[in-house]
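Visitor: I'd like a close look at one kind of feature here: the charged side-chain pairs, and what surrounds them. Could you walk me through them?

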Amino acid sequence: MVIVISGALLKFVNYQREHKLEASTPWTGIKELTTKFPDLKNALFDESGELRKFNVVYINKEKASANTLNLEVQNDTKVEIITAIAGG
Amino acid sequence: MLEIEEKNLMSKVEQVLDQEVLTFLDRITKTCAERDKKCEPISREDLATSAASKILSASIPQEFGGAGLNFMEWGRVLEEIGRICDDGSFGLLVSMFPAVANTLFESKNDYLLNRYAKGILDGSTFVSFAYTESTDAFNFQSHLREDGDYVVINGEKVMLTGGSIADAFMTYVTNEGSNDLNVVMIDARDEGVEIEPIWTMGLRSSGFAKIRMKNVRIPANRLLVNNGGGLSHAQNFLNPRRVVLSSWSVGRIARTINMCADYVNRTIRYTNPLATYGSVQSALGEMRIAYESAKVMVHTSLRLLTANQLGLAQEEDDHTSATKFRCVEAGMLVTQRTFELMGGAAYCHPNPIERYVRDGLGSVSGAGAQDIVKINTGVKTLFASL
C-alpha cells in the first residue's frame, strides 16, 4: 500500500509525501509508518493508541471508519492522511 | 425556510433584542467611533449591561440559567446585532465570551464551571480563548509541567480576543511529559501572568492582547483537558465559531449595503442621483448577490449545526470553513465596492466604511485563516471525490 501524508504532518516524515509499505490493513500500515517515523506517532495517536479524531484518513478516496481501517486491502491501496485543523 | 418558521425564529430574536436592548445597542453604536480612535475596549460596564439584558446568556443552556437559544436562533440574533450595531467588536465579544462559557458548561466540571462559566450570567466573569501562537498547533511553545498537585506553565499566546478585558484564559499548552496538548484555566491575576494590550488595524474595541506566562504555578484542578484531547477540544470550539462569527458578518454586510444604497440615492452627479447610473446599479447588484450567497451559506450551516448534522466536530469541517470563507470574501467585496461608489466620503473618518474595511480584514487571518481553509479544503478534495 501507499500511505500519503499531507499538510502539518509532513514535518514528521521528513517532508516525504508518499510511503510504500507492505501491510495487510490500513491500520497496520499506519502503525508501521509510525515505527519508521516515531515523531509521527504522537501526532496520529492518543495515549490509548487510538487515532486522534482530528486526523482524517481516506482509503482509496473513501473516508475511513474504525471498521474499514481494519479491513484487509489490496497491494495497490492508497491511504491518505490529513490533519484537518484551522486556527482561531 | 418556511414563512411560519421564519416568523417563529424572528419572534425569538425580537425577544432577545427588545426595546431596552435596542436602546443599549444604539448607545454602543454612537460611542463606537470614539472607542475606535482610542483603541479602547468595550467597557466591563457595557458587558455587564449585555449580561443584564440577557444578550450574553441567550445561547447558554437553560439548565445553567440561560435562554437556551440554539445555533440557528443565536446566529440570527448576532446577524441582527451586526445589522443594527455599528461596533464590530461588540458582536465579536458577545459571541466569544458565551462560547467559552458554553465549553466550560459542557465539561460538566463543577469546580471549573462554577469558578469560570457562571459569571457570564451576571457579567461578573469573562474568559478568553488563549490558543494562538506564531506557529502551528503541533509546535506550540507554551508548555505545562506537572508538579504534584500543581502545574507550572510557561509560554506566550500572541493574540487573544478580549484578552485585556478577561478575568481568565482557557489556555492550550503542550504537556512536557506526554507532549500532548492540555487545556488549563489561567487567571489574569495569577502570579507570573503578564497581559499586554495589542493595537490592531481594526476591531479595536475587542480588547486584543498578548499574554505571557512565566512560571505560573496553579492547582492541577484547573486543568480542563489533560488526556491528550486538547487539539480536538480546540477544533470543537473553533468549528461552530466560524459560522457564529459569520452570522454577525452577514448582518454587517447588509448594514454596509444599506448605507451605500442610501448614499447613491441621495448623491447627485451631473444633475442625476448616482443611483440612476447603470454602473452603480451593477455594483450594487454584485454586492447584493454576494450578500445573498453568504447569507444562504450561513443559514444552512446554522441549520446543520442546530440539527447536529455536521461531521465530526473535532476535525475542521468543510461546510463551516466554506461558509466562513465565503462570508469574508463577500464582506471584502461589499466594502470595496462601497468604497468605489462612495469615493472620498468612504475614506474619511468618522464615516464608518473605512472602519468596516479595517474590521473586515481581521477575518482574513482570524477564525481559521482564509489561506489555511483553502489548503485544507483543497487537500481533502484531492483525497476524496465529492
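Visitor: How many salt bridges does a search of the whole structure find over all chains?

Guide: That search turns up 31 salt bridges over all chains, a salt bridge being a side-chain nitrogen of Lys or Arg within 4 Å of a carboxyl oxygen of Asp or Glu. Bear in mind that this is a predicted model, where local features need pLDDT of at least 70, side-chain atom pairs count only at pLDDT 80 or more, and totals for chains, interfaces and linings use all residues. Residues are numbered from 1 along each chain as its sequence is written, chains are lettered from A and ligands numbered from 1 in the order in which they are written, and side-chain values use heavy atoms, with hydrogens and water left out.

Let's start inside one helix. Asp26(B) and Lys30(B) pair up with their closest N and O atoms 2.7 Å apart. Both sit in helix 2 (residues 19-30) of chain B, four residues apart, about one turn of the helix; helices here are DSSP runs of H or I with at least four residues, strands are runs of E with at least two, and both are numbered from the N terminus. Asp26(B) is partly exposed at 35% relative accessibility, while Lys30(B) is exposed at 63% (buried is under 20% relative accessible area, exposed over 50%, partly exposed in between, with a 1.4 Å probe and protein chains only).

Now for a pair that reaches across the sequence. Arg358(B) and Asp36(B) form a salt bridge at 2.7 Å, N to O. Arg358(B) comes from helix 12 (residues 352-365) of chain B and Asp36(B) from helix 3 (residues 32-38) of chain B, so the pair ties together parts that are 322 residues apart in sequence. Both Arg358(B) and Asp36(B) are buried.

Asp187(B) and Arg222(B) also meet in a salt bridge, at 3.5 Å, N to O. Here Asp187(B) belongs to strand 5 (residues 181-187) of chain B and Arg222(B) to the loop between strand 7 (209-219) and strand 8 (223-225) of chain B, so parts 35 residues apart in sequence are tied together. Asp187(B) is buried at 13% relative accessibility, and Arg222(B) is buried at 5%. There's a network too: Glu156(B), Glu194(B), Glu196(B), Arg212(B) and Lys214(B) are joined by salt bridges that share partners.

On to the chain contact. Between chain B and chain A the count is two salt bridges, including Lys11(A) with Asp136(B) at 3.7 Å, N to O. The elements giving two or more residues to the side of chain B that touches chain A are helix 8 (230-266) and helix 13 of chain B. Helix 13 of chain B gives the most, with six residues. By class, that side of chain B has 12 nonpolar, 14 polar and six charged residues (Ala, Val, Leu, Ile, Met, Phe, Trp, Tyr, Cys and Pro count as nonpolar, Asp, Glu, Lys and Arg as charged, the others, Gly among them, as polar).

Zoom in on helix 13 (residues 370-383) of chain B and you'll find Val379(B). Val379(B) is buried at 15% and touches Ser6(A) and Ile82(A), leaving aside residues up to four places away in sequence; contact means heavy atoms within 4.5 Å. Overall, the contact takes 32 residues from chain B and 26 residues from chain A.
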